[in-house]
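Morning, everyone. I have one structure to take you through, and I will keep it short. Please look at the sequence and the model first.

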Amino acid sequence: MKFLALLRKELTVLSRDRLAVVMILIAPLVMTTVMKLAFGNIGNGTNLPIIPVAVVDLDNGQIGSALVNLLESDALSDLIVVTEVEDLETARDLLETHAVDAVVAAPANLTEAIFSGSGGEAAISVYGDPGQPFAVGVVRGIVQRFTQYVAAGSTSVEVTFQQLIETGRLTEVTHAMKGEVGERAAFAALESDLVSFNEVLSGIESVKSEFNWFKFYALSMASLFILFSMVTAARTLLADHELGTLTRMRTTPTSPGTIFGSKVTGMVLIGLVQTIILMLTARYFMGMTWGDPLAVAVLTIIMVLSAAAFGLAVASFCRSTAQLNVAGAAVVMILGAVGGNFMPRIIYPEIMRTLSLIGPNAWVIEAFQKVVLLNGTLSDITTEILALLGLTVIFSVVALFGLRRLVR
Amino acid sequence: MKPILQVHELAKQYGDFTAVKGVSFEIGEGEIFSLLGPNGAGKTTTISMLACLLQPSAGEASIAGHSVRREPQAVKRLIGVIPQDIALYPSLSARENLHFWGQLYGLRGKERGQRVEDVLELVGLRERAQDRIEKYSGGMKRRINIAAGLLHRPKIVFMDEPTVGIDPQSRRAILDMVKAFNQQGMAVLYTTHYMEEAEELSDRVGIIDHGELIAAGTQRELTERIGSTETLVLHIDESQDANQLAHALEDLPGVIQSTVTDHQVSLVTPSAREVLAGAFGRAEALGTRVRSIDIQEPNLEAVFLQVTGRALRDN
Ligand SMILES: Nc1ncnc2c1ncn2[C@@H]1O[C@H](COP(=O)(O)OP(=O)(O)O)[C@@H](O)[C@H]1O
Ligand SMILES: [Mg+2]
């Protein structure tokens, strides 16, 4: 009863707050429309320019040649055009003269290193033209998929050895043995196991063909504006403090839990409404497809929860609503830039990509990309969901600690 | 008279500083009790502890037998707290605000509707009730602010300096409202540093200074304590030095106490008529022009002056 009264008041006050209505409803719709107008006609990946790449194979083993084969395969021919060169100097020259956008180098002894278990030392390098971040990002993405695949292959060799030892069928494994058997196993895995090899290709293929700037921005705007609106909604808590209405509530027979609970419920409801409106508008007026409904629903809910906790955490650092208006917008914009709301994170350098994971939006975008662009399902985004739950808990604890001062 | 509020040795400590030093008093059902004291005396701290907003450091207080420490929810149902500053939602109408606060006090359906109209009537704003609070004048906001604390027919209403910084007209309206809802049977705990307000409203007055309740009783009881003294007030020009004059008058025969408030010098004396000539003489000798004088009967101001040695409005 009191809870509903508080909730109703919350929604009425917000609906009469112009800044809040703009932040929560109008801005996301306008931004998404602008994205549709700007990127809506750029079709699928085929319209991306073909990226010139140089490849250096210093390995001369199976993995090196598998890499070259992959890069030169037909599946990638409308995405990259590959020049094979003899050494790194030649490749660097090509890069410096802008003849290529990226260089992929397989180091000497790569095959041996990986299958003797010391794979970490010899990794495939990608050098990029800093002026072509997107192109470099695409190449890096391809190489990453390849590396993951190889790592999976070498692990399975390792496991096989382990089983042989445990079952007593093998007493001692030497490096050389491992290398020899591993090499053969890997070669088999990469070259003859066409089914799995095609998986690597089809993964890349689907990114390539499904990547669509409008879709990217539609999901990116959803994950950005939820942060804006939750910061805006959290502002009402500070407003209640400033208005003296929070203190007044505490003089009525109403428990702090009810007061705070209604505030959070209000935020979550607003967040859900905002996101659903945005999604439906994109879906029915802009031709967006959102992918697996269950995955999208779960992701939306956890996105809103994490954003609400984020909004409250930001509010807990602010002394006043005026401060939150400024600080909140700044924090969200920075997080948006870091977390990949404006540019796909794949083009970021490694360190930035890792750093961006402190914000919920990077995880949300990552998960949405899997669901929307790669037709993923709930099981494909468990990592992201768990990470978002973790962040929600952290933000909530920070918020609870910080906001206690309001009731002192 | 049955007490509705009982306070026993209530104290509040902020670190090393004791803001309220063990005050004890009672308020009877339907009574108006004023806590009179200057800024920083501990009025807000005391009222906050009674409203369960602040945990007491020591002592006890109860409303109708319910402890503020152990039964805050029961206490909150019985009290109406009227914040000093307007605590309403500007974007909601007066009626929406009142319905909201009524709901938080647990009022439902028809009863709530009736109470909202009743208090709107009481504060005289029924015709404007559908307007948003942000469209109201300051005085009107204050009236709704008070109305919101009366919805659940509290047994006792707490008002912490409700007239600070407002125009005389709104002040008048508020004092009249306090009398009106007191007529309906609600007791009142009213804090102020204006002597006239305490005098006009209160059945009983408590004088508080530096966190201590120095004296409490009816106005008659309090003024009798200081005996048959009068206060002679000399109003002097703004350009002149009141402190110098007060100092010069301290040892004038017949003067018990000499204090400065703004451009006034107040002399406590058994007989104002007898010290008048002497006071004028010394003022003239200093070259201080006295513009007018007042002779006041024993009042709370004089009581405060005598028990604390300071004028109520020093600061
Ligand atoms: N939170 C606090 N921390 C420290 N000192 C405080 C705090 N609140 C009030 N005080 C001090 O306690 C004294 C009494 O304050 P208050 O109850 O507000 O007085 P009044 O309402 O009579 O003007 C003042 O000296 C004030 O500075
Ligand atoms: Mg005060």
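I will go through the ligand site, then a sheet in chain A, then a sheet and one arginine in chain B.

Some housekeeping first. This is a predicted model, in which local features need pLDDT of at least 70 and side-chain atom pairs count only at pLDDT 80 or more, while totals for chains, interfaces and linings use all residues. Residues are numbered from 1 along each chain as its sequence is written, chains are lettered from A and ligands numbered from 1 in the order in which they are written, and side-chain values use heavy atoms, with hydrogens and water left out.

Now the ligand. Which residues are around ligand 1? They are B:Y14, B:F17, B:A19, B:P38, B:N39, B:G40, B:A41, B:G42, B:K43, B:T44 and B:T45, where a residue is near if one of its heavy atoms lies within 4 Å. By class, that shell has five nonpolar, five polar and one charged residues. Here Ala, Val, Leu, Ile, Met, Phe, Trp, Tyr, Cys and Pro count as nonpolar, Asp, Glu, Lys and Arg as charged, and the others, Gly among them, as polar.

Two elements of chain B, strand 2 (17-28) and helix 1 (43-50), each supply at least two residues of the shell. Helix 1 of chain B gives the most, with three residues. Helices (H or I, at least four residues) and strands (E, at least two) are DSSP runs, numbered from the N terminus.

Oxygen atoms of ligand 1 also meet the backbone. One is 2.7 Å from a polar backbone atom of B:G40. For B:K43, the distance from a polar backbone atom to a ligand oxygen is 2.8 Å, and for a backbone N or O atom of B:G42 it is 2.9 Å. The protein covers 60% of the 560 Å² of accessible area that ligand 1 has on its own, by the Shrake-Rupley method with a 1.4 Å probe.

On to chain A. Four strands form an open sheet there, in the order 2-1-3-4, with mixed pairing; two strands pair if DSSP finds at least two bridges between them. The edges are strand 2 (80-85) and strand 4 (125-128) of chain A, each pairing on one side only.

Strand 1 (residues 51-57) of chain A runs parallel to strand 2 of chain A over six bridges, with A:A54 opposite A:T83. Strand 1 of chain A also pairs with strand 3 of chain A, in the parallel sense over five bridges, and A:V53 stands opposite A:A102. The pairing of strand 3 with strand 4 of chain A is antiparallel, over four bridges; A:V103 has A:Y127 as its bridge partner.

Is strand 3 of chain A mostly covered or mostly open? Five of its five residues are buried, meaning under 20% relative accessible area, with exposed over 50% and partly exposed in between (1.4 Å probe, protein chains only). A:A102, A:V104 and A:A106 point one way, and A:V103 and A:A105 the other. In a regular strand, side chains alternate between the two faces of the sheet.

Chain B has an open sheet of four strands in the order 12-13-11-14, with antiparallel pairing. Strand 12 (257-261) and strand 14 (290-296) of chain B are its edges. Strand 12 pairs with strand 13 (residues 264-269) of chain B over five bridges, and B:S258 is partnered with B:L267.

Last, B:R172, which sits in helix 6 (residues 168-183) of chain B. B:R172 counts as partly exposed because its relative accessibility is 36%. B:R172 and B:E197 are 25 residues apart in sequence and 9.8 Å apart in space, C-alpha to C-alpha.

Definitions and conventions:
A polar contact is a pair of N or O atoms within 3.5 Å; within protein, one must be able to donate a hydrogen and the other to accept it, and residues adjacent in sequence count only if both atoms are side-chain atoms.
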